[in-house]
Amino acid sequence: MAILIDENTKVLVQGITGSFGGRHAQLSLDYGTKLVAGVTPGKGGQKFGDIVPIFDTVSQAVNETGATASAIFVPPPFAADAILEAMDAGVELIVAITEGIPVMDMMRVKEALKGSKSRLIGPNCPGVVTPGHGEKSHGGCRIGIAPGYIHKRGNVGVVSRSGTLTYEAVFQLTQMGYGQSTCVGIGGDPINGTSHLDVLEMFNNDPETEAIIMIGEIGGTAEVEAARWAKENCKKPIAGFIAGATAPPGRRMGHAGAIVGGEEDTAEAKKKILAECGIGVAETPSEMATKLMEVWGK
């Protein structure tokens, strides 16, 4: 099953002719992802890598290729409009990799998402990977910037605000012989399209996912809301890690959303609530997979 994407998902890349978008588009192709189109206004009719057609608009790309998912590598001032364009074209899954999109722009996007059939992952996220069954998980679907080769197809779902910690959890699981169903980086911005809770619900309903790693950080209450939902509704074992335990009070660390505003925003408070909700809490990043095995009884 997997969630959000599978090996048959047709993907387009907005910003495919930029150096960053182009590099990761090529890595997705190398991974075996069905990358069927690129979009850069004014460059329609060209080809990416001699095989992927480039279109001027997302609607043209969707109509010609049947793409249902988009990766956005568009610079911050134009990224919100790129998301809205994908929504208008009926793209089901929009993955915004761009960091630094103005908060006011994201407020506009968030409002537009209401009642839309599109789902947004991100922005400022590493993207989504459903590993394939081939060597080094080749043949899966990779949307974003995650290193494909560290993945292994299996039954652990990973959801995280941090890109680097996503890769760490995935690598630990793979080294222990446990693969992943889907890995979802939801991004570290204060306004994002998909929350921890949204992804936990999907994993809970996915027959292939048997256990979950949830990675959060200081700032906001998303992890707390997800943990309280999981306590009442999730039947699968969960291990969690909260980054930012050493952050000075009131200091924003790294991500735009990692700023403590209330009592439940601190790492210690979040860890306490996660534990109270039956989630195994890893004290350091190096313990994420072993903590899951402990909770899972493996």
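Guide: Tyr-167 has its place in helix H5, residues 163-175. This is a predicted model, where local features need pLDDT of at least 70, side-chain atom pairs count only at pLDDT 80 or more, and totals for chains, interfaces and linings use all residues. Residues are numbered from 1 along each chain as its sequence is written, and side-chain values use heavy atoms, with hydrogens and water left out.

Visitor: What does UniProt place at Tyr-167?

Guide: The unreviewed UniProt entry puts the feature "binding site" there. UniProt positions follow the numbering used here, feature names are shortened, and annotations may be inferred rather than shown by experiment.

Visitor: Which residues does Tyr-167 touch, not counting residues up to four places away in sequence?

Guide: Contact means heavy atoms within 4.5 Å. By that test, Tyr-167 touches Pro-126, Ile-145, Ala-146, Pro-147 and Ile-150.

Visitor: Why does Glu-294 count as exposed?

Guide: Buried means under 20% relative accessible area, exposed over 50%, and partly exposed in between, using a 1.4 Å probe and protein chains only. Glu-294 comes in at 56% relative accessibility, so it counts as exposed. You'll find Glu-294 in helix H9, residues 288-296.

Visitor: What makes helix H6 largely enclosed?

Guide: In H6 (residues 196-205), 7 of the 10 residues are buried, so the rest of the structure largely encloses this helix. The buried ones are His-196, Leu-197, Val-199, Leu-200, Met-202, Phe-203 and Asn-204. Their cover includes strands S7 (119-121), S10 (153-160) and S11 (180-185), along with S12, H7 and S13.

Visitor: How do you know that strand S13 is mostly covered?

Guide: Count the residues: in S13 (residues 238-243), 6 of 6 are buried. Ile-238, Gly-240 and Ile-242 point one way, Ala-239, Phe-241 and Ala-243 point the other way, and all are buried.

Visitor: How many bridges pair S12 with S13, and in which sense?

Guide: Two strands pair if DSSP finds at least two bridges between them. S12 (residues 211-217) and S13 have 6 bridges in the parallel sense, and Met-214 stands opposite Gly-240 in S13. The chain gets from S12 to S13 through helix H7 (residues 222-233), in a right-handed β-α-β crossover. Right-handed says that, with the strands pointing away from the viewer, the path from the first strand over the helix to the second runs clockwise.

Visitor: How many bridges join S13 to S14?

Guide: There are 2 bridges to S14 (residues 280-281), and the two strands run parallel. Gly-240 turns up again, opposite Val-281 in S14.

Visitor: Which are the edge strands of the open sheet of 7 strands?

Guide: The order is S3-S4-S2-S1-S5-S6-S7, with mixed pairing. S3 (47-48) and S7 are the edge strands, as each pairs on one side only. Inside that order, S2 (residues 34-39) and S4 (residues 52-55) pair in the parallel sense over 2 bridges, with Gly-38 opposite Ile-54.

Visitor: How do you know that the radius of gyration agrees with a compact globule?

Guide: The radius is taken over C-alpha atoms, and the globule rule is 2.2 Å times the number of residues to the power 0.38. For 298 residues the rule gives a radius near 19 Å; the protein has 18 Å, so it agrees. Buried residues make up 57% of the 298.

Key: Helix = DSSP H or I, 4+ residues; strand = E, 2+ residues; numbered from the N terminus.
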